[in-house]
Amino acid sequence: MAAQLQPLVDIAASRLPPWCANLLTRGGRTILVQTTLCAIPIHAMMSLDIPPKILDALRKICRAFLWKGRQEVKCGHCLVAWDKVASPKSLGGLGIPNLRLLNLALCCRWAWLKKSDPSRPWADFDIQLPSLCTAIFELATANDLSGNIPASLGKCEQLDMLSLSSNSLQGTIPSELTNSTTLLGLDLSNNYLTGSMPLQIGALLQLLQLDISFNNLSGQVPFSLGRCVQLSSLRLRSNMLTGYIPQSFGDLKSIGPIPTGGIFQNHSAVILDGNVELCESAATTLFQFPVCATTETKHKQVHATMRTMKKVSYGDMVKATNWFSSVNKISSSRTGSVYIGRFEFDTDLVAIKVFHLEENGAHSSFLTECEVLRNTRHRNVVKAITVCSTVDLENNGFKAIVFDFMANGSLDMWVHQKLHQNSPKGC
């Protein structure tokens, strides 16, 4: 495999001559190592266990360029051990990625996505992961936690997924969890939880998956759960819940087909009339509802969407905006900034809206804007080219939306033309 991946090393080496390293400060060379040299093998790292020979060759190129601006360098020129340099800034390093650890992390990402979101189109594929990656993932996810769920988890304002399944947790589900309004998935299954479901569960408006099965929960299902209209997976089995299924469940638009087993086999015992949004599997048409879209159909829709979206990385964003230079900044607000830029090998300008995720509400703003753009079609709405949801060089969350750049000024400039007579037009 080393011979097949040698082009990665050749590409990295070919980037050095045009950079005129003698005109760059060491700080400038550090940024180029972070954003370009270390980004070259990213796509290969996501699916392959890169041989040590290739990683060592890439590391030598990065090290030599950082210290002396060359392709090769002697050990005497290296002022600090590379393991120290390639560590987070919080640990005294320069934030340059450790390529071996980055390779393992990217491979483990597939195992985590498969576990946390089994509805992905490729979830059934037999993805071969490095043995070390598999071992790390199993150690990280095979826990035996006990005690109560800490109420302080509700203070995690940017929490997307919380999975505490298959542990020995006891007590009640803390109502404070409903404060994490950015939650997309909550899995508390296979524990020993008691009490009732939090009445405020409906506050999790972004929730896509909820699994509290195989516990000892009692009481009624909260009416407010029907507000979670984005739910696509709801599992409540093997508990001691009582009462009626809330009528608000009729507002759930993404739950799958009508069950075909148990009492649902008896048409006269189940009345579903009036639920115009329900569908049933092709295996049975007892209730005369439309047949649900098959997984294959959904996969084709997903792949069609993916093919129309341009794929960009954080490194692409950095280069397009000249490292998010203030010169490229068009506008800014509390939750985001808009930059003008141009992607490598492209000729058209783009407007890149970067969300300030450290600000409260920015994450929700990103999700809401994506949902609006997905469902809105109007000739006066600027088309989104793609989105980028990843991490930056310091492993902090990064989210951005890329639009076509429309050089017609802003809405404020058109409404208040006298105030902007001498201002350059932007997006």
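**Helix packing and its setting**

Analyst: The accessible surface of the protein chain is about 25300 Å², and carbon and sulfur atoms hold 55% of that area. This is a predicted model. The protein chain has 427 residues, of which 36% are buried, and its secondary structure consists of 11 helices and 13 strands. Among the contacts in the chain with a separation of 6 or more, 49% join residues 24 or more positions apart.

The helix pair is α1, residues 6–14, and α4, residues 52–68; their axes come within 9 Å and cross at roughly 5°. Because angles under 35 degrees count as roughly parallel, α1 is roughly parallel to α4. On the α1 side, the contact is made by Gln 6, Leu 8, Val 9, Ala 12 and Ala 13. Helix α4 contributes Ile 54, Ala 57, Leu 58 and Ile 61. By class, the residues of this contact are 8 nonpolar and 1 polar, with no charged residue.

Elsewhere in the chain, an open sheet of 4 strands runs in the order β2-β4-β5-β7 with parallel pairing. Its edge strands, β2 (161–163) and β7 (233–235), each pair on one side only. On average, neighbouring strands of the sheet are turned by 10° against each other, direction ignored. Within the sheet, β4 (residues 185–187) and β5 (residues 209–211) pair in the parallel sense over 3 bridges. One of the residues involved is Leu 186, whose bridge partner in β5 is Leu 210. In general, strands of a sheet pair through backbone hydrogen bonds.

Terms used
Residues are numbered from 1 along each chain as its sequence is written. This is a predicted model: local features need pLDDT of at least 70, side-chain atom pairs count only at pLDDT 80 or more; totals for chains, interfaces and linings use all residues. Side-chain values use heavy atoms; hydrogens and water are left out. Axes are lines fitted to C-alpha atoms, for helices over the stretch in contact, and angles run from 0 to 180 degrees between N-to-C directions. Helices (H or I, at least four residues) and strands (E, at least two) are DSSP runs, numbered from the N terminus. Angles under 35 degrees count as roughly parallel, over 145 as roughly antiparallel, 65 to 115 as roughly perpendicular and the rest as oblique. Contact means heavy atoms within 4.5 Å. Ala, Val, Leu, Ile, Met, Phe, Trp, Tyr, Cys and Pro count as nonpolar, Asp, Glu, Lys and Arg as charged, and the others, Gly among them, as polar. Two strands pair if DSSP finds at least two bridges between them. Buried means under 20% relative accessible area, exposed over 50%, partly exposed in between (1.4 Å probe, protein chains only). Accessible areas come from the Shrake-Rupley method with a 1.4 Å probe; for residues, only the protein chains shown count as cover.
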